[in-house]
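These are my notebook entries on one structure. I set out to record what a helix and a set of strands look like in it.

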Amino acid sequence: MPHTAPEPAPHGLRRLAFGGDYNPEQWPEEVWHEDVALMREAGVTMVSVGIFSWALLEPEPGGYDFGWLDRVLDLLHEAGIRVDLGTPTVAPPAWFYRAHPEALPVSREGVRYAFGSRGAICHSNPAYRSAAANITEQLARRYADHPALAMWHVHNEYGVPVSACYCDNCAAHFRRWLAGRHGGVDAVNEAWGTAFWGQRYRGLDEIDPPRATPTVANP
Ligand SMILES: [Zn+2]
């Protein structure tokens with residue numbers, strides 16, 4: 001059997017990479033050549049791109065604009081700089097939230113957050129999960145074989161929103177998680193000490209995630 005040595009990972013790099021996030025969409029394209037020249041001068045060997053670019057890559061639902069990212073990857077490749085390509089899944093476009101306002105996360109105080117930052121995501125929301133899978137698939141189809149691609153930057157900053165989401169969708173997932181962890185409501189009552197303050201539950205459907213309470217919550 002012929003033996004093929006495993007490809008080093010990240011693809012195309014044989015020693016510790018040096019670089020950082022590169023967001024060229026934030027300034028005019030004529031600056032990009034100077035960016036890359038300065039990277040070379042600084043010894044940069046890999047950059048992460050596309051992490052917050054969903055709104056530019058999919059400017060309308062199902063309509064894609066990959067031209068600018070093609071040019072960025074080609075430019076970096078010509079300079080010998082490897083690319084860690086981000087899935088832009090931490091920053092869905094404004095049009096997505098107009099269609100799916102319920103995909104915005106809810107704080108433990110019951111406040112639904114607004115669009116205008118990153119990480120405004122209810123991770124249990126089916127529309128978000130579907131849209132995130134779709135843009136990721138589009139990127140993979142287009143760039144899987146691009147010579148600049150060294151590795152994938154899958155999502156960004158796991159754990160935002162910082163306070164997680166307490167919406168009804170997430171509450172349903174929380175109950176499923178409780179069922180898996182404890183088996184049934186009697187075991188939850190036992191584990192949580194719900195004899196305190198009259199919290200005893202008759203069924204998992206009566207349980208909410210740990211939302212804000214008027215006095216000290218059961219720890
Ligand atoms: Zn949620």
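**Entry 1: helix H7**

Exposed means over 50% relative accessible area, buried under 20%, and partly exposed in between, with a 1.4 Å probe and protein chains only. Helices (H or I, at least four residues) and strands (E, at least two) are DSSP runs, numbered from the N terminus.

The model is predicted: local features need pLDDT of at least 70, side-chain atom pairs count only at pLDDT 80 or more, and totals for chains, interfaces and linings use all residues. Residues are numbered from 1 along each chain as its sequence is written, and side-chain values use heavy atoms, with hydrogens and water left out.

I then asked which residues of H7 (residues 185-192) are buried. They are Val185, Val188 and Asn189. They lie on the same side of H7 because they cover an arc of only 100 degrees around the axis; the arc is that of the directions from the helix axis to the C-beta atoms.

**Entry 2: the strands**

I found that S2 (residues 46-49) has Met46 and Ser48 pointing one way and Val47 and Val49 the other, and that all are buried. In a regular strand the side chains alternate between the two faces of the sheet.

S2 runs parallel to S1 (residues 19-21), joined by three bridges; two strands pair if DSSP finds at least two bridges between them. I recorded Val47 in S2 as the bridge partner of Gly20.
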